[in-house]
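Hello,

Here is the structure we spoke about, with my notes on side-chain contacts and the ligand below. Please read them against the coordinates.

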Amino acid sequence: MSAAICWFRRDLRLADNPALSAAARDGRPVIPVYIHAPGEAGDWAPGAASQWWLHHSLTALSSALAEHGLTLIIRSGETLATLESLIDETGAEAVHWNRLYDPAFIERDKHIKQSLQARGLSVHSHNAALLHEPWTIKTGTGGDYKAFTPFWRAARRQADPDAPMPTPALTAPISTPASTPLAALNLLPATDWAAGLRATWQPGEAGAHQRLTTFLDETVTAYESGRDWPAVEGTSRLSPHLHAGEIGPRQVWQAVQSRLARSNPATEPGLLESAERFLSEIGWREFAHHVLFHHPDFPDYPLNPRFADFPWQDDPDDQLLATWQRGETGIPLVDAGMRELYSTGWMHNRVRMVVGSFLVKNLRLPWQAGEAWFWDTLVDADLASNSLGWQWVAGSGADAAPYFRVFNPVRQGERFDPEGTYIARWIPELGRLPAKHRQAPWEAPQAVLSAAGITLGVDYPHPMVDLKASRQAALAAFSQIKKSD
Ligand SMILES: Cc1cc2nc3c(=O)[nH]c(=O)nc-3n(C[C@H](O)[C@H](O)[C@H](O)COP(=O)(O)OP(=O)(O)OC[C@H]3O[C@@H](n4cnc5c(N)ncnc54)[C@H](O)[C@@H]3O)c2cc1C
């Protein structure tokens, strides 16, 4: 029987992988391949943290396939040409992959499908990444949604997602095609800055399931109340695993339903509400893909065109931007978040909103600059969710925060990190201050600073902007674009 190629991309798992299951159907030998072609992602080739993740996720996939007797073939080069030579070498007659929704990949994959079909191959793409593909959720008039709540209501009216597929039985081809060593892709950083990432994450399918199990066993009951507290592990931290496709949303959905089915409402009050809230966050991920699909320039241009003329602040030599990136703004909650990001490749959602608001409003720097930094440093950097998050913060996106809602990082810290635990974790020098002074050390009496051994401007920066004055400046800038309507 001729072999089928399974072209792995961001679906780095064996279970609930429709492309792999289809390739393996009827016992056909399967050639699993990963093709490294970062140039084909347009302006959005994976950033440094994503590359680190990819290296380890491919390692995990390769081991998982080896347990089934298969070798993951790694190649580097233009994708269509690489697939064609693999087809020539192996005599494969079918190619399967799971769909991606980034605009550059939609175009590329369409071209690849047509070219291979023209050669007489059987070519099929599948859905592994979403509960509902972007074009399947429509408004009453057949259009796309710009607001989350009606989108999610419409999605929930659809039939429940299909049950996830098990790992298929896999048969290896008679001979194994040549493969490039993973190290040759140079995905790991030349100077090792990834210790914090290694300490935080276990990329791969097993690590993803471990996270989900821990979340459902230990955290989900208090998700609704705990999800906003950055010092607490109150969320699932599944985002990088979902992005790499080490686990799929159907699997998450089913695991939540089974968790609910075996729960006792009397002993777990709040579980149902928390589970619904968690599923609605998965819904935000779906919504992000929906918006990106219908607005392919969403990563680069404001959805609300009025914001194209926003009077951003001049930042010669990117000095303001660099201060924000390094977590040296002098605003503790912002700096803690930026340091968490740099160290672990992840930042708590509440703090993402706070650091984003600070960049776009208090510093009045373009949201695209923040988006680009997150793209490089997040292990969950995802074109759809990152664009949605930044345009939400900027007030220019779908269902976005109104521009005039400027987060006050001190008030946010007092509300969601009242003991300053998160601040002390990421800025240990401020941990020497009493909790009530950690959010705004510039307001602490000199005697308190001295007792803690802190000299502002030496041990920790003075605030780079006055929060009140910069808020007023942001609102004034906003009123300019309002007038231009
Ligand atoms: C400025 C900004 C940028 C962001 N960039 C990204 C990004 O590049 N990649 C990314 O996955 N998320 C991004 N988010 C959304 C959100 O912050 C993360 O998905 C979340 O913090 C991941 O943590 P978790 O897995 O513990 O989430 P949980 O609370 O456990 O949620 C479960 C899953 O739902 C999805 N999800 C949750 N919130 C959102 C959301 N607001 N939008 C889209 N999906 C969501 C994620 O896949 C997440 O893993 C961004 C948010 C902001 C404000």
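Two rings of Phe, Tyr or Trp are taken as a pair when their centres lie within 6.5 Å, with the six-membered ring used for Trp. By that criterion, ring pairs join Tyr145, Phe148, Phe151, Trp152, Trp284 and Phe287 into a cluster. Please keep in mind that this is a predicted model.

Aromatic pairs

The whole structure contains 27 aromatic pairs. In the pair formed by Trp284 and Phe287, the ring centres are 5.7 Å apart and the planes stand at 80°, so this pair is edge-to-face. Both residues belong to helix H11 (residues 271-294), where they are three residues apart, about one turn of the helix. Trp284 is partly exposed, with a relative accessible area of 24%, whereas Phe287 is buried at 0%.

A further pair, Phe307 with Tyr403, is tilted, with 6.1 Å from centre to centre and 50° between the planes. This pair links distant parts of the chain, 96 residues apart: Phe307 is in the loop between H11 and helix H12 (319-326), and Tyr403 is in the loop between helix H16 (383-394) and helix H17 (409-416). Phe307 and Tyr403 are both buried.

Charges over rings

Lys361 lies over the face of Tyr403, 4.9 Å from the ring centre. The charged end of Arg9 is placed over the ring of Trp7, at 4.3 Å from its centre.

Salt bridges

Side chains of opposite charge can pair when their charged atoms come close. There are 24 salt bridges in the structure. Arg9, which sits over Trp7, also forms a salt bridge with Asp109, and the closest N and O atoms there are 2.7 Å apart. Asp109 is in helix H4 (residues 103-118) and Arg9 is in the loop between strand E1 (4-8) and helix H1 (18-23), so the bridge ties together parts that are 100 residues apart in sequence. Both ends are buried: Asp109 has a relative accessible area of 8% and Arg9 one of 6%. The two also belong to a network of salt bridges that links Arg9, Glu40, Arg108 and Asp109.

Helix H4 also holds Glu107 and Lys110, three residues apart, about one turn of the helix. Their side chains meet in a salt bridge at 3.8 Å, N to O. Lys110 is partly exposed, with a relative accessible area of 45%.

Arg352 and Asp380 form another salt bridge, with 2.8 Å between the closest N and O atoms. Arg352 lies in helix H14 (residues 349-362) and Asp380 in the loop between helix H15 (367-377) and H16, so the bridge ties together parts that are 28 residues apart in sequence. Arg352 is buried at 17% relative accessible area, and Asp380 is buried at 7%.

Ligand

Which residues come nearest to the ligand? Of the 25 residues around the ligand, they are Tyr223, Thr235, Ser236, Arg237 and Asn349. Arg352 and Asp380 also have polar atoms at the ligand. An N or O atom in the side chain of Arg352 is 3.3 Å from a ligand oxygen atom, and a polar backbone atom of Asp380 is 2.8 Å from a ligand nitrogen atom. A backbone N or O atom of Arg285 lies 3.4 Å from a nitrogen atom of the ligand. Taken alone, the ligand exposes 810 Å², and the protein buries 95% of that area.

Regards

Technical notes
Residues numbered from 1 in each chain as written. Predicted model: local features only at pLDDT ≥ 70, side-chain atom pairs only at ≥ 80, totals over all residues. Heavy atoms only, no water. Phe/Tyr/Trp six-rings, centres within 6.5 Å; stacked < 30°, edge-to-face > 60°. Helix = DSSP H or I, 4+ residues; strand = E, 2+ residues; numbered from the N terminus. Buried < 20%, exposed > 50% of the residue type's maximum accessible area, 1.4 Å probe, protein only. Lys NZ or Arg CZ within 6 Å of the ring centre and 35° of its normal. Near = heavy atom within 4 Å. Polar contact = N/O pair within 3.5 Å; in protein donor to acceptor, adjacent residues only side chain to side chain. Areas by Shrake-Rupley, 256 points an atom, 1.4 Å probe, with all protein chains shown as cover. Salt bridge = Lys/Arg side-chain N within 4 Å of Asp/Glu carboxyl O.
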